[in-house]
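This report concerns a predicted model. Please examine the sequence and coordinates shown below before reading on.

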Amino acid sequence: MNGVHDMGGMHGMGAVRPESGEPVFHHRWEARVFALARAMGAFGRWNIDASRHQRELIPAAEYLRMSYYEKWLTGLTGLLLKHGLITEEELASGKPTPGRAKEQPALPAAMVAGFIARGVPASRSSSRPPRFRPGQPVRARNLNPLGHTRLPRYVRGKAGTIDRVQGVFVLPDTHAHFQGEHPQHVYSVRFEARELWGGDAAPRDAVYVDLWEEYLDAA
Amino acid sequence: MSHSHDKQRLPSEPALRVMALESLLIEKGLVDREALDALVETYEHKVGPHNGAKVVARAWKDPAYKARLLADATAAIAELGFGGLQGEHMVAVENTPTVHNMVVCTLCSCYPYPILGLPPVWYKSAPYRSRAVIDPRGVLRELGLELPERMEIRVWDSTAELRYLVVPRRPAGTEELTEEQLALLVTRDAMIGVALARAPKGAGACATEIG
């Protein structure tokens, strides 16, 4: 979707303001929502692409107003409701529906270290050869899906060069909507700054973007 | 709130809402409070840029390791015991006298947790996400790094599940330093590519020390 989350190349967002001695979390609730999202994700009812898409669905003005972890809280709450792990009534009352049997956590404390160490690999084995090779000129397709995609607006229709073949990965465009993994090759594609931004850009600078095979055409 | 038609909840008071959500999920049995504590403890105290600094220091010291790191960063980083969540697929990119690399995630805020910990607020902010790709030199200037025009800047937008580590250039005058001493020169910002590695004490850092 052409949402406000797709920020590359936008103007008007202000200056980058680093904070010296920044803590990992600025408030306890940020730490808790970070951990809650991981613990609830472990149920496997959704995946990383679906959770990214859930945050993209936050209305644009709210998305820009919210802090990072407010977006996490909003996204997590939406996913919990959508996938039936809590009900609207429970959220409103703060209490479990009476009479329901108690559930079991998907991520008990004893499993945390192993979960972090293993991670959630998104690569898949495939014997299919890559369609493109390093050095090959390509053009990013001009796709404007209403759903989730990881093809940023600023490269659509632009010409680039395959820098390297990164392997075969789950396709977010379908995975986010529970329509299958459709694994395919991902390429780091080099786009010259002048191709993206015009003649005023620095002549040698470039942006490298990781793109799935179906985002690309041979050029 | 139960009458709200919005699919997305817009928390007016996040702290209260998180507290209520956590207690609801615990009461339902869906969440183990100690698991939450362990997750927080890991990212608040165990995982952080000191991990990545060890990787870079090893690469500076050991050319064979650097070659492995640039060829297969996930495996090379695993040699030092790091990996896992949000570092499943690592790529290392090396700064040289003619090329400077920096990393952004324009679409969300992807970041290599196992070697850098959780991202700082500025990295997740709209200004950095919007401008790093169109005005990298301006962004670097705001962060205190002025690069010469002849230097090629490569911005890596981590749109997929690959996570990037910038291997900064080794500062001059560090030939005698141990790997542990070298690691102290490798900052988080240098591994994102918005700063250079620190100069060793007594060499080159005089401007700030005198100033």
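## Conventions

Residues are numbered from 1 along each chain as its sequence is written, and chains are lettered from A and ligands numbered from 1 in the order in which they are written. The model is predicted, with local features needing pLDDT of at least 70 and side-chain atom pairs counting only at pLDDT 80 or more, while totals for chains, interfaces and linings use all residues.

## Domains of chain A

Chain A is assigned domain 1 (28-118) and domain 2 (137-218), with bounds from an automatic or database domain assignment. Their centres, taken over C-alpha atoms, are separated by 29 Å. In contact (C-beta atoms, placed from the backbone, within 7 Å) are 6 residues of domain 1 and 4 residues of domain 2. The domain 1 side comprises 1 nonpolar, 2 polar and 3 charged residues; here Ala, Val, Leu, Ile, Met, Phe, Trp, Tyr, Cys and Pro count as nonpolar, Asp, Glu, Lys and Arg as charged, and the others, Gly among them, as polar.

## Interface between the chains

Between the chains, 75 residues of chain B are in contact with 79 residues of chain A. The largest share of the chain B side, 12 residues, comes from H1(B). By class, that side has 39 nonpolar, 16 polar and 20 charged residues.

Strand E4 (residues 206-212) of chain A runs parallel to E3(B), and 4 bridges join them; pairing requires at least two DSSP bridges. Within this arrangement, Val209(A) stands opposite Asp157(B). Helices (H or I, at least four residues) and strands (E, at least two) are DSSP runs, numbered from the N terminus.

Not counting residues up to four places away in sequence, Leu211(A) touches residues including Leu151(A), Val186(A) and Thr159(B).

## Positive phi values

Phe178(A), which is not a glycine, has a positive phi of about 60 degrees. This residue lies in the loop between helix H7 (172-175) and strand E3 (184-192) of chain A. Phe178(A) is exposed because 11 other C-beta atoms lie within 10 Å; the limits are 20 or more for buried, 12 or fewer for exposed, and partly exposed in between, with C-beta atoms placed from the backbone.

Gln86(B) also has a positive phi, near 65 degrees, and belongs to the loop between helix H5 (73-79) and strand E1 (90-94) of chain B. Gln86(B) counts as buried, with 22 C-beta neighbours inside 10 Å.

Notes
Contact = placed C-beta atoms within 7 Å.
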